[in-house]
Amino acid sequence: MLFLTLARKSYIRNLQFRASHLVQNLASAIFGFIYISIWTGIGESRSLGEYGLSGMISYIAFNQASIWISGFPTNGLGMEASVRSGQIAMDLMRPVHLFYHLMSKEWGQTAYQLVYKFIPIYILYFFVLPLHVPDSLAVVAGTALALVVAGYIAICLQYLIGAASLWTTESSWLVYVNYAFSMLLSGFLIPVEWLPGPLCAISAYSFYPYLHYVPTRIYLGMDSVSLLAGGLLWCAALTLLCVLTTRLMRYKVEVQGG
């Protein structure tokens, strides 16, 4: 099966960087401890709503681990470099759809980051923090599905960012814009309902909460898996947009010099 072959090759390619990724894990865990320390200080004088101090510790810890699923996909799925080299013309000529091709490869990297980043960081927090643990298989399954939805939305966004490189000489700025909005509107550092009114409304009508807020709420047992209905609709809409964008790319691409 092509999907499994592409994903497997991407997974294996990342294995050679395991040592350097251990350093990344350490840095990521330290950032998590910093965020938790900040909320611990805030929680000494405030109730922190329905979360409480222990809930916010688990909220931040889970987000810090799961950011490797939905927060750091390959920038533009590598399309900007492909456009600069002209390889994009060959990629569009392949018998397999470009979106399916790049999406399959990215799932391999996501699987690698699940095994070598998400799980080690989560295990570390489990042993050193009063971490909430799901009390049923249904919650575990719901959390896993929410992370799959989050990962897929992140892949679609990066595909669209990469496709933009056909219409602009520099698309990397879109990566940073998307990352900034994600940190602000996804509930990564602060629950969405605590955002100022206008930002909370914008977040509620966007796909960003499905990257962090929704998976974490399901993980904490505060919401049911039915909350993912909106995320699945966003997955369908973004998939359609990616397919339509690929069609436009076929008309846009030009091969210079023969």
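The following legends describe close-up views of a predicted model.

**Figure 1. The largest pocket and the helices that line it.** The largest pocket of the predicted model has a volume of about 300 Å³. Fifteen residues line this pocket, and L114, F118, T143, A144 and L147 are the closest of them to its centre. At least two lining residues come from each of three helices, namely α3 (52-70), α6 (98-128) and α7 (137-163). Helix α6 provides the largest share of the pocket lining, with six residues. The pocket lining comprises 13 nonpolar and two polar residues, and no charged residues.

**Figure 2. The largest cavity and its lining residues.** The model contains one cavity of 30 Å³ or more. The space within the largest cavity amounts to about 30 Å³. Its lining is formed by W68, I69, F72, P73, E106, Q109, T110 and Q113. Both α3 and α6 contribute at least two residues to the lining of the largest cavity, and α6 supplies the largest share, four residues. Classified by side chain, the cavity lining consists of four nonpolar residues, three polar residues and one charged residue.

**Figure 3. Packing of helix α3 against helix α6.** The axes of α3 and α6 lie 7 Å apart, and the two helices pack at an angle of about 165 degrees. Angles over 145 degrees count as roughly antiparallel, and α3 and α6 are therefore roughly antiparallel to each other. The crossing of α3 with α6 is right-handed. On the α3 side, the contact is formed by A61, F62, Q64, A65, S66, W68 and I69. These residues meet T110, Q113, L114, K117, F118, I121, Y122 and Y125 of α6. By class, the contact between α3 and α6 comprises 10 nonpolar, four polar and one charged residues.

**Figure 4. Packing of helix α2 against helix α6.** Helix α2 (residues 18-43) and α6 have axes that come within 10 Å and cross at roughly 40 degrees. This angle makes α2 oblique to α6. Helix α2 passes α6 in a right-handed crossing. From α2, the residues in contact are R18, H21, Q24, N25, S28, A29, G32 and F33. Their counterparts in α6 are Y112, Y116, K117, P120, I121, L124, Y125 and V128. The contact of α2 with α6 includes nine nonpolar, five polar and two charged residues.

How values were computed. Residues numbered from 1 in each chain as written. Predicted model: local features only at pLDDT ≥ 70, side-chain atom pairs only at ≥ 80, totals over all residues. Heavy atoms only, no water. 1 Å grid on protein atoms, 1.4 Å probe; cavity = no way out; pocket = protein on both sides within 12 Å on 5 of 7 lines; lining within 4 Å. Points joined across faces, edges and corners; volume = space filled by probe spheres on them. Nonpolar A, V, L, I, M, F, W, Y, C, P; charged D, E, K, R; others polar. Axes fitted to C-alpha atoms, helices over the stretch in contact; angles between N-to-C directions. Parallel < 35°, antiparallel > 145°, perpendicular 65-115°, else oblique. Left-handed = near helix turned anticlockwise from the far one by under 90°. Contact = heavy atoms within 4.5 Å.
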